[in-house]
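Biologist: I am new to this structure and would like to know what lies behind the labels used for it. Please show it, and I will ask as we go.

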Amino acid sequence: MPIPSELTPITYRLLEALDGLTHGVFTRHGGVSLPPYDTLNTAWTNGDRPEHVNENLLRVKRFLGFDHLVSSPQVHGTEIQVVDESVLETRDPGRPFVPAPPGDALVTRLPGVGLMIKIADCQAVFLVDPEKRVAANVHCGWRGSVKEILPKTVRFLKERFGCDPRRMVAAVSPSLGPCCAEFVNHRRELPPSFLPFRTAPNFFDFWAISRRQLMDAGLLPQRIEIAGRCTVCEAQDFFSYRRERITGRMAAVVGWRRKN
Ligand SMILES: [Zn+2]
C-alpha cells in the first residue's frame, strides 16, 4: 500500500455526532519529519528537528481549524490542567502551540482551543460533556491506568463543572493492544485488580481496563468508543515506543469549534 501524503486522522462515530466539537487522532502520515520520526511527529523532546515539528504542528492546527493548540509536558502523573484565558495569555505568537503547565489531563470550555495529547502506545482518552460544553483530553499509559487518571478526571469534571458522567462521551485512541501489552513484572507494576483483564499469562487488556474504570466512574457503556487499533502491530500507520524506542509522537486533539 502506498504511504499517504495527507493527514489521515482517526475519528469517532460518537464524537462526530456532537454539535460544535472537533476532534482527531492523527496517524504518522502527512508531516515533514525524517526517519525515525517520519513523518507527522508532534514532539521535540525525542530528538527531532524543531523546524520539522513546528511545521507538523501547524498542519495539525490548520487541518482542524483551531485558533490555538494547547499541550502540556506529559509526566505520567495525575495532574489536571484547566485551559482558560490565563493559559492562552502565555502564548508566543511565533510558536504553533501554547504550552500549559505539566500534567496529563487537559480540560477546556473555550471555543477555538484544541487540547493536544502526544502518544506512541499510551492512550489519549477524549472525555466530553455535550451539555456543559466541557472537553477533556487525558494521557493514559499503563502508569495512568494504575494511578486511575481516568476516574480522577471524571470526578474533577463533575466537581468543577457540574458534568454528569451518564451524559459524558468517552473515546479511547489507538494504543498498546492486548496482543502486545506484555508485562513480565506485572506482580510489581500492576495492582491485583488488573488480573481479571489478563488475556495470557503476562498480557493485559488496557482497553478493557479503561472501559471498566470509566464505567465505574459512572459512564454508560454505549457512550464509550474504543478505536481498538494496536500501535505496536500497525507500524505502517502508528508510531510505537515499544516497537521502535526512538520514534515520533502522534497528536490526539479535541476541542470546541470557534463560534462564527
Ligand atoms: Zn499489538
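Biologist: Why does arginine 243 count as partly exposed?

Modeller: This is a predicted model, and the values are computed from it. Arginine 243 has 27% relative accessibility.

Biologist: What makes the contact of arginine 243 and glutamate 244 a salt bridge?

Modeller: The N to O distance between their side chains is 2.9 Å. The cut-off is within 4 Å, for a nitrogen of Lys or Arg and a carboxyl oxygen of Asp or Glu, so the pair is a salt bridge. Glutamate 244 is partly exposed, at 35%.

Biologist: How do you know that glutamate 55 and arginine 59 form a salt bridge?

Modeller: Their closest N and O atoms are 2.8 Å apart, and the limit is 4 Å. Both residues lie in helix α2, four residues apart, about one turn of the helix. Glutamate 55 is partly exposed at 25%, and arginine 59 is partly exposed at 26%.

Biologist: Why is arginine 166 called exposed?

Modeller: Its relative accessible area is 53%. Exposed means over 50%, so arginine 166 falls in that class. The side chain of arginine 166 also meets that of aspartate 164 in a salt bridge, at 3.1 Å from N to O.

Biologist: What makes the site of the zinc ion tetrahedral?

Modeller: The angles among its four donor atoms are 104 to 117 degrees. Four donors count as tetrahedral if all angles lie between 85 and 135 degrees, so the site qualifies. In general, the ideal angle for four tetrahedral donors is 109.5 degrees.

Biologist: Which residues are the protein donors of the zinc ion?

Modeller: They are Cys179, Cys180, Cys230 and Cys233, each through SG, at 2.3 to 2.4 Å. Cysteine 179 lies in the loop between β9 and α6, and cysteine 230 in the loop between β12 and α8, so the pair ties together parts that are 51 residues apart in sequence.

Biologist: Is cysteine 230 buried or exposed?

Modeller: Cysteine 230 is buried: its relative accessible area is 5%, and buried means under 20%. Cysteine 179, at 45%, counts as partly exposed.

Technical notes: Residues are numbered from 1 along each chain as its sequence is written. This is a predicted model: local features need pLDDT of at least 70, side-chain atom pairs count only at pLDDT 80 or more; totals for chains, interfaces and linings use all residues. Side-chain values use heavy atoms; hydrogens and water are left out. Donors are N, O and S atoms within 2.8 Å of the metal (3.2 Å for Na, K and Ca); water is not among the atoms, so sites may look incomplete. Four donors count as tetrahedral if all angles lie between 85 and 135 degrees; four count as square planar and six as octahedral if opposite donors are over 155 degrees apart and all others between 65 and 115; anything else is irregular. Helices (H or I, at least four residues) and strands (E, at least two) are DSSP runs, numbered from the N terminus. Buried means under 20% relative accessible area, exposed over 50%, partly exposed in between (1.4 Å probe, protein chains only).
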